[in-house]
Amino acid sequence: MDSLSVYEIMSGLTRQMVDAAHDDRWDRLGELEREVAMLRDRLITEDPLDAAPLQMDARARARKVELIQGMLADDREIRSYTEPWMRSVRNLLYGNAKERIVRMAYSSRER
């Protein structure tokens, strides 16, 4: 499979990731993220950035750029769903930790 085909597959997966994030299907998002990571690793091995560029016609180059830009846009959209969720989890965990510290402090004074 050529690198452009890999980018096509990755682009489809990132669109599915957007849908999963939108629908709060976090397990599915994680599965898709792992698939994209495997393909990314494959590209790094098979099409490294420091290698001499393979002959790619202008149409294929333009498609590659379009796919990459689409994946970056998908990433921004995914973050728009995940970052607020992560903030609420962090606040919850921080609040629980703070509450435990206060409880421990007061329970040691009661003894």
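**A stop in the loop**

Start by selecting Asp24: at 52% relative accessibility, this residue counts as exposed, because exposed means over 50% relative accessible area, buried means under 20%, and partly exposed lies in between (1.4 Å probe, protein chains only). You are looking at a predicted model, in which local features need pLDDT of at least 70, side-chain atom pairs count only at pLDDT 80 or more, and totals for chains, interfaces and linings use all residues. Residues are numbered from 1 along each chain as its sequence is written, and side-chain values use heavy atoms, leaving out hydrogens and water.

Asp24 sits in the loop between H1 and helix H2 (26-46); helices here are DSSP runs (H or I, at least four residues), numbered from the N terminus. Check the backbone too: phi of Asp24 is near 60°, a positive value in a residue other than glycine.

**Back to Ser3**

Next, select Ser3, in helix H1 (residues 3-22). Is Ser3 buried or exposed? Ser3 counts as buried, at 16% relative accessibility. Show its neighbors: leaving aside residues up to four places away in sequence, Ser3 touches Leu43, Asp47 and Met56, where contact means heavy atoms within 4.5 Å.

**Into the core**

Now select Met10, Met17, Leu29 and Ile78, which touch the most other members of the 18-residue largest nonpolar core. H1, H2 and helix H3 (58-110) are the elements giving two or more residues to this core, and H1 gives the most, with 9 residues. Such a core is a set of buried Ala, Val, Leu, Ile, Met, Phe, Trp, Tyr and Cys residues joined through side-chain atoms within 4.5 Å.
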